[in-house]
Protein chains: 6
Amino acid sequence: MKDLLAKAETLTEALPWIKAAWGTTVVVKYGGATMTDAVLREMVASDLVLMKLVGINPVIVHGGGPEITSFMERLGMPVEFFDGMRVTDDAAMEVVKMVLVGKVNKELVSAINGHGRLAVGISGDDANLIKARPVSERLGRVGEVEAIDTTVVTHLIEDGFIPVIATVGYGDDGGSYNINADLVAGDMAAALGAAKVIFLTDVDGLYADFDAKDSLISALSLAEAEGLIAEDRLSSGMIPKVGACARALRGGVPRAHILNGKVPHAVLLEVFTDEGVGTMITADGNHPAATESALGAGRG
Amino acid sequence: MKDLLAKAETLTEALPWIKAAWGTTVVVKYGGATMTDAVLREMVASDLVLMKLVGINPVIVHGGGPEITSFMERLGMPVEFFDGMRVTDDAAMEVVKMVLVGKVNKELVSAINGHGRLAVGISGDDANLIKARPVSERLGRVGEVEAIDTTVVTHLIEDGFIPVIATVGYGDDGGSYNINADLVAGDMAAALGAAKVIFLTDVDGLYADFDAKDSLISALSLAEAEGLIAEDRLSSGMIPKVGACARALRGGVPRAHILNGKVPHAVLLEVFTDEGVGTMITADGNHPAATESALGAGRG
Amino acid sequence: MKDLLAKAETLTEALPWIKAAWGTTVVVKYGGATMTDAVLREMVASDLVLMKLVGINPVIVHGGGPEITSFMERLGMPVEFFDGMRVTDDAAMEVVKMVLVGKVNKELVSAINGHGRLAVGISGDDANLIKARPVSERLGRVGEVEAIDTTVVTHLIEDGFIPVIATVGYGDDGGSYNINADLVAGDMAAALGAAKVIFLTDVDGLYADFDAKDSLISALSLAEAEGLIAEDRLSSGMIPKVGACARALRGGVPRAHILNGKVPHAVLLEVFTDEGVGTMITADGNHPAATESALGAGRG
Amino acid sequence: MKDLLAKAETLTEALPWIKAAWGTTVVVKYGGATMTDAVLREMVASDLVLMKLVGINPVIVHGGGPEITSFMERLGMPVEFFDGMRVTDDAAMEVVKMVLVGKVNKELVSAINGHGRLAVGISGDDANLIKARPVSERLGRVGEVEAIDTTVVTHLIEDGFIPVIATVGYGDDGGSYNINADLVAGDMAAALGAAKVIFLTDVDGLYADFDAKDSLISALSLAEAEGLIAEDRLSSGMIPKVGACARALRGGVPRAHILNGKVPHAVLLEVFTDEGVGTMITADGNHPAATESALGAGRG
Amino acid sequence: MKDLLAKAETLTEALPWIKAAWGTTVVVKYGGATMTDAVLREMVASDLVLMKLVGINPVIVHGGGPEITSFMERLGMPVEFFDGMRVTDDAAMEVVKMVLVGKVNKELVSAINGHGRLAVGISGDDANLIKARPVSERLGRVGEVEAIDTTVVTHLIEDGFIPVIATVGYGDDGGSYNINADLVAGDMAAALGAAKVIFLTDVDGLYADFDAKDSLISALSLAEAEGLIAEDRLSSGMIPKVGACARALRGGVPRAHILNGKVPHAVLLEVFTDEGVGTMITADGNHPAATESALGAGRG
Amino acid sequence: MKDLLAKAETLTEALPWIKAAWGTTVVVKYGGATMTDAVLREMVASDLVLMKLVGINPVIVHGGGPEITSFMERLGMPVEFFDGMRVTDDAAMEVVKMVLVGKVNKELVSAINGHGRLAVGISGDDANLIKARPVSERLGRVGEVEAIDTTVVTHLIEDGFIPVIATVGYGDDGGSYNINADLVAGDMAAALGAAKVIFLTDVDGLYADFDAKDSLISALSLAEAEGLIAEDRLSSGMIPKVGACARALRGGVPRAHILNGKVPHAVLLEVFTDEGVGTMITADGNHPAATESALGAGRG
């Protein structure tokens, strides 16, 4: 019975967070260990389904990760990186796309759809969702976002689905581009007017001192986060995440979160509990002032 | 962190129940201690809000309880019971209605609306919701349900509200009738095609032997429940509840639950956890075979 | 046959008024003798039903009147007035609410619903309709309107119902406040963008000289009405009515009417005949220039 | 004041009739003196507008009447009747259509639209509303209804308009047919599921003895009406009206009325007063049992 | 097979034009030989049906042409022109209206409806579509457009119909006015926000030198077209067309076309092929820059 | 000009076919040379866009074809066929899915979306569209359709998109199955209530004698087609097509077509011209009697 009471308290603790988030859109960048570990993937899937059922509209954005290299090697193709980005010729792009769209995307879609007809996996090609342009000649078919046409995403949300988006973009030349999924997530959140964007990574968040595990920063302002970069105090993996957070925040998204996807149900805890997990970046480092809730003014 | 994990597991445990209940209507008979104890009332209110936000449509039905007698005594009116029912003349009916509609109803409405513009309190008079006829000449304005016109209730649900219904009915003679709230709850659940009806009482459920606290029955069939009545093995307070359960089950409602409203968050635990609490009555004593979910066929 | 012709002419006379009012909202402050006289109440009810069926959306606002004092006395509670307002402690507030919501409201709802499933009675608690703040410490739970959230009223109108509103408000402290119904009617008309607000009273309107029965003013400007107050030429009962008219007119309602509810079918005659009855107050004392009708530009 | 009371009573008298008719479709066969007398036409127009505004959907059906002969004579065309029907060759058909569609139809449309953008005049050609076949070779382009496609009429009603229909039909040969407007009205009422069909004529109704002005029949059954024909007791002008009533009644329309359009506001009095005017034919000679009203079960 | 390939290429050639026009409204002034030649009328009709089915919304505007004179002469009425316009007294107006609404309108409606329930013929009287005022006392009931209320036209379009509009207007005096159909077409295109307006005439377009058949101008600016008028280089029949084009262009319509209706399927070729036919007038003489298509940004 | 006339005639020829197909769904099995030849693919894409824009709803179904073998060989995986079907273990299934979903699907999607935001590519995993079960243990993850949930497809159609479906199904075991695309196309057409299903292949249709190129059968009944199989007169490639046609026809689809995708614009010619191309199979070998068109009964 004591156990039951604890359960009831946990469910009740979620209520104010559900009220605040009800009817909003939340973009989740899916990545890291959650992509490769089937157990973590199932957890992320059930967290997303729970969000959807309680009235939040999750939109998932993902890249391809380590599987691309693995397939390219199996196909005997050269794997080259430049400035931390994969040099991508046409043949590589074909493999990138197959892995992203035909494997990674459908693995998450299937995990979600074990719960019902919820997820629909699409890519930047579908309904001309993501238009891309090349980053540099050197990198070939590595692209950056030129424009996002959210028509198909908003239709899928209204139809009751969870869109799962592989970050391939189409270019003026008719070919495809591989785009960094963090940046797409940031831009997508801004384009959709999302209430928050969550980046699932393999670390717990930003550290004031990245050698000191106890220096995890719970909340900071965008200026502070960019200060950490300027002072070279962030790990290299965090720099593009902070850049993507900046895209979202400057595009009007009130909150950006960096979470460790290895923490079971990290998304759930972030969205539905008092503690939250990981690091939250906002425009000014504080919880944004609540706008009028979809449920009207509260009392008292 | 261990604590967080437990929280995450509790939230996750709720997922299959939310999936099953999503989009359904649940009628809750509000009564007993939850009506008079403000702390319990707040808990019921937050449970109902949580249900509403996660896609379940709660409809509350309530009577007046002990407050009616108290007001009648303060007004110096005679209080008489016959066969366990309050003898109700026109003057008494006026008081009944004021207490039900003007006090008990708005207390629950206010508790719910502390969370947002959710509850709307109505009575059987509103939009001709409940038509009543007299039970017997001896009892005066004690009535039973003749017809339910659910128009206003379904409109309020579609408009995003939680209807809270005081069980006063209107009669052919233009006057009002006081109707047993358990029976209205059972009929209302049937009329709305509800997925379940929950009776909040002050006891834990039905007992195989009502002197033995450890003989609480977790689930039984309607035939078994009616057998307990025939064998005179139920407390007198439980007999009308079982009668109301029978009305609902025969009207097509798959499940009826009798819960102890004094258990904190009893409704929540019943709807969102594996254990459930109290006694469940179904047509055959088993969990009803799932009909197709609103989320389509599951997998696996 | 001559009689029939007269009937036809009366019906035809209503046509231009129906055309002008079609699709508009009209707030009616229900009060005075119409609240206590069952015959007059039936007439008001049928007038409101007729308005609804011919495409006008009536919204009724009412207070509690003399019945509150009567119940308080029967309960042996002290009755005290200060500055013309009832001093209201928590115990008195409970009685106020029961009488308003559980008795007066449902009497009018029932009278209307004798014609079909039309009226739905609510109070300021329902869907957080009326937020109140205290007027003064001395008066206890006497409140004034702080905010109106018209969500539930507009939903009820769209669903085909006639909302009947008891003027209890909720406060920051979770408790209720008793608000002057005239002022709520004025504010409600402004919040709903009503085409007119009608105050049903027990006198025929405003008098140029309130000792001279033949000095009834048929139409005047708000400035003129406020001038009458400044010159102390209005009866004390009319002062809050004019104040409420001012709230409505300054909030954009084109016309405010003060009618004698004892005149049979006063509302009907005001809305559907050439003569009108009682006193009309407008911004400038003239009939407001017609805005484009819902039926398009007329001809000729 | 006494006069005002009489007005109020007349308006109130209309209420039960409005309640009963609210949301229903009423087909009015426009004809006789109302077509040629501008004052009567204005009265019919305002009656139809009033019906529309109070929630009834009038649909008007009309033929061409005496104006056709007049134009044919002015054009020097031969005018020939056979069996009471105009022998109509192609040249005559052209004139028929111009008078019906270009003159009679627009005269009524204009009279109605003096009140606002309400009437839309169409013919059987528009949206393939009325398909016709020839009655006999002898009569040329005189047709009878083969099929009615109500699509455009129901769209116009839903769009808030009053359809005014000229009874020209299209044939398999691509040409037009002139169809008796009484019969079209009867068939149209059946096709639309109308609540009643009203025939405006120049006599007061059916007479038990057509020489005795005091023998007007107020209500009779279809069998009785057809009995009067069989016994040769009806004037020749009434026979096709009764035939059209029969088409409507057999097609499910509960009531058919024959009224004298010279009586000012005859339609209004029929629809909105206790007395009614003219003759009502129903399946069994009684007022049809009310089906459930659009406003739900009444009380008492 | 080679033949089939040519067909396929023609259909494919239409694709970009369909994409560009999809969902837009196109006003077609129907006139000249297409009104009197049944074969040309059938072609226009099938072109309009094709436009409708491929997602373009054609709206047809027409006058009466030579048939009016013919009927007036048959009726022995004087036919007088002044300044190129028909002097129109009340009797003439009656004939004008019958020919326009009862004959010319229904001939085109019937030709279209041979393909299905598509066309609905209306006039300026219907739903108060076109309000007119007199041009001059001398001309009697010759009018010009004072106001257009597009309500009925947009409803008919949304309901899936092709509106066919006879250019009779109603005046303040309750009477009708005959309005030049070219001018109505220009104003109607502006009022509807049409993507183009097409004038079907009996000449091929504007000529740089109207004696030289090879000097047809394919495209020019409005300023150039008005320059041709100023220099007296246009035939008199073209001057009102250019005036109507100017009304449309100044009202925001991007393109105006003058086509020879004697060219089989001229409308079709204009809308669906690379070549186009006739003369196009635009604000600056160039193809207007494409606004964003209803299908989103294209690729490449 | 003569050329223009030919173009106009071709466009006009398409009109009756557009009328008949307007608003219907057509399933196209995309396959053979159209999948591998970029020029043919562009043609198919523009044909599908044209269909969509003229009011037909194309739904594309495709398998993977020769590219799967090519990738498997590049990855050094064994390629084995049994009974004409690819033996598919888990590793092979992963490759199948990547090629179908990540390459073939997006190639067609991109070709279509060159025309605007039209195509959305999905697979049987998305929104649990296609549930599969294994065909035999020997074949591993080769599946057959167990159930189709068309929810996402109908939503995409209503949202204005062209669904492009890769024929991977999900199984009870959480894994994927490769399903013959012909059979999915047949079942999908039946599940969607399609008006026709078109199979694009590399041959011209069915031959009465498959050695005689001039024995192509233009139309035949299902019984005749199955007779050809029974008599062993069809090429082996045609047998599953005929089987898929049978599934569609028995599921209520009126027409099944087998076309040569190498014929430029074969789909277009089939849908929009008199000749048609390839072989049509219907229940009885005749053109199915037209059901009532979406445009109503025609004339004449």
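**Close-up views of a predicted model**

**View 1. Strand β11 of chain F is mostly covered.** All six of the six residues in β11(F), residues 196-201, are buried (a residue is buried if 20 or more other C-beta atoms lie within 10 Å of its own, with C-beta atoms placed from the backbone). Strands here are DSSP runs of E with at least two residues, helices are runs of H or I with at least four, and both are numbered from the N terminus. This is a predicted model: local features need pLDDT of at least 70, side-chain atom pairs count only at pLDDT 80 or more, and totals for chains, interfaces and linings use all residues. Residues are numbered from 1 along each chain as its sequence is written, while chains are lettered from A and ligands numbered from 1 in the order in which they are written.

Which way do the residues of β11(F) point? K196(F), I198(F) and L200(F) go one way, V197(F), F199(F) and T201(F) go the other, and all are buried. In a regular strand the side chains alternate between the two faces of the sheet.

**View 2. β11(F) sits with two parallel partners.** Two strands pair if DSSP finds at least two bridges between them. Strand β1(F), residues 25-30, runs parallel to β11(F) and is joined to it by four bridges; here V28(F) stands opposite I198(F). With β13(F), residues 255-260, there are six bridges, again parallel, and F199(F) has I258(F) as its bridge partner there.

**View 3. An open sheet in chain E.** Eight strands line up in the order β5-β8-β2-β1-β11-β13-β14-β12, with mixed pairing. The edges are β5(E) and β12(E) (219-221), each pairing on one side only. Neighbouring strands are turned by 20 degrees against each other on average, direction ignored (axes are lines fitted to C-alpha atoms, for helices over the stretch in contact, and angles run from 0 to 180 degrees between N-to-C directions).

View 4. After α6(E) comes G160(E), whose phi is positive, near 95 degrees.

View 5. The contact takes 37 residues from chain B and 37 residues from chain A. On the chain B side, α1(B) gives the most, with 11 residues. By class, that side has 18 nonpolar, 14 polar and five charged residues (Ala, Val, Leu, Ile, Met, Phe, Trp, Tyr, Cys and Pro count as nonpolar, Asp, Glu, Lys and Arg as charged, and the others, Gly among them, as polar). 100% of the interface residues of chain B are also interface residues in chain A, so the copies meet through the same surface.

**View 6. A rotation takes chain B onto chain A.** A rotation of 180 degrees with 0.0 Å of shift along its axis superposes chain B on chain A, RMSD 0.1 Å (by least squares on C-alpha atoms of residues with pLDDT of at least 70 in both). The two copies are thus related as by a two-fold rotation axis. V54(B) is the residue of chain B that comes closest to the axis, at 1.9 Å (C-alpha).

Methods
Buried ≥ 20, exposed ≤ 12 C-beta atoms within 10 Å, placed from the backbone. Contact = placed C-beta atoms within 7 Å.
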